[in-house]
Amino acid sequence: MAGWVRAARRTMASIGLVAALLTTAACTGGGGEAGLGDDGTAGQGVIGEAPVAGEADLAASPTAQAIRARGTLIVGGDENLPLLSQRNPITGSTDGFDATLGKMLAKYIIGRPNVNIVTTTPETREAMLKTGTVDTVIRIYTITAERAQRVAFAGPYLLSGQAIATLKGTTGIDDPGDLNGKNVLAVAGTTSVTALQQRAPGAKITTYGTAEECVQALEQGKGDAYVHDLTVLAGEAQLDEKLQISGQPFTSEPYGIGLKLDDGSFKQFINDWLRKIQADGLWQRAWQQTLGTVVTGEAPPPPQIGSVPGS
């Protein structure tokens, strides 16, 4: 029963967040920028102005040609990450920064934002890329040199960092050193675990399969703190009034678009697309309409393509 009540509360909070996103997107547009499409989908104005690849661009990538022939881009992702990629309970679309990038990439390849999101987790994404189950993974996928031995990364397309979430009212936990001797929750298979081992070697780490499970465990008193990427925690805190983000991010996490290893032409194709949407200001507007509704200030400068080891 408690789980059902919590799920219902989060669903209602999601509806509220979606409404806020829709309102903000509509209000942030200037100079003719609507921010919304005819169906009310957040980010549709950005997608409507997104570029479409020319024949010469497509000719350089057999993978892109195959996706255009299929008519759908298959993205390994998630539909339960607020501000990044979340199913909109009002419109049925998937909204957020990652979701908007996926739609813009699909439009670039196919001419229309046709995306099929296949749910992936940190433990399944590499296998899904290797087997060709998905074309790309756009799901807060941190680029590391070690991971780049198994998958290819376009980008980075966004910079974040590991941060600490606690229950509201918790004090004395503001930086990694404060986690030593504490029970800390993290998602299995993520860089959160590595960051904790390096920065808080005295912490007792308990892992779960999803961010949702970590939040639930924190609320049940199974941990003193929960560590994850700031982008994830910001969305969770927006939906859950019991959470607070403590301190500042203590790592730098460059997110990349995961691709099948050794498909260099498709990686170059996507990197060229990223440069185009950055130069056109579409990346910045997508950020403002999603993450920018919670994170204060102007959109940060897009990260330089190929600027981190493994990219």
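Leaving aside neighbours within four places in sequence, which residues is Ile270 in contact with? They are Leu105, Thr136, Ala154, Ile257 and Leu259, where contact means heavy atoms within 4.5 Å.

This is a predicted model: local features need pLDDT of at least 70, side-chain atom pairs count only at pLDDT 80 or more, and totals for chains, interfaces and linings use all residues. Residues are numbered from 1 along each chain as its sequence is written, and side-chain values use heavy atoms, without hydrogens and water.

**Overall make-up**

The chain has eleven helices and 13 strands. These are DSSP runs numbered from the N terminus: helices are H or I with at least four residues, strands E with at least two. Of the 311 residues, 50% are buried, meaning under 20% relative accessible area with a 1.4 Å probe, protein chains only. Take contacts between residues at least 6 apart in sequence: 69% join residues at least 24 apart.

**Cores**

A nonpolar core is a set of buried Ala, Val, Leu, Ile, Met, Phe, Trp, Tyr and Cys residues joined through side-chain atoms within 4.5 Å. The largest one holds 56 residues. Phe97, Met104, Ile109, Tyr226, Ile270 and Trp273 touch the most other members. Helix α5 (residues 97-110) gives the most to this core, eight residues. Domain 1 (43-160 + 254-293) and domain 2 (162-246) both contribute, so the core lies between them. Those bounds come from an automatic or database domain assignment. Another core, of 13 residues, lies apart from it; Leu179, Val193, Leu196 and Ala203 are among its members.

Two strands pair if DSSP finds at least two bridges between them. β6 and β13 pair in the antiparallel sense over three bridges. Thr142 stands opposite Tyr255 in β13.

| Element | Residues |
|---|---|
| Strand β6 | 136-142 |
| Strand β13 | 253-259 |

**Val46**

Val46 lies in helix α2 (residues 44-49). Val46 is buried, with a relative accessible area of 0%. Val46 and Lys103 are 57 residues apart in sequence and 9.9 Å apart in space, C-alpha to C-alpha.
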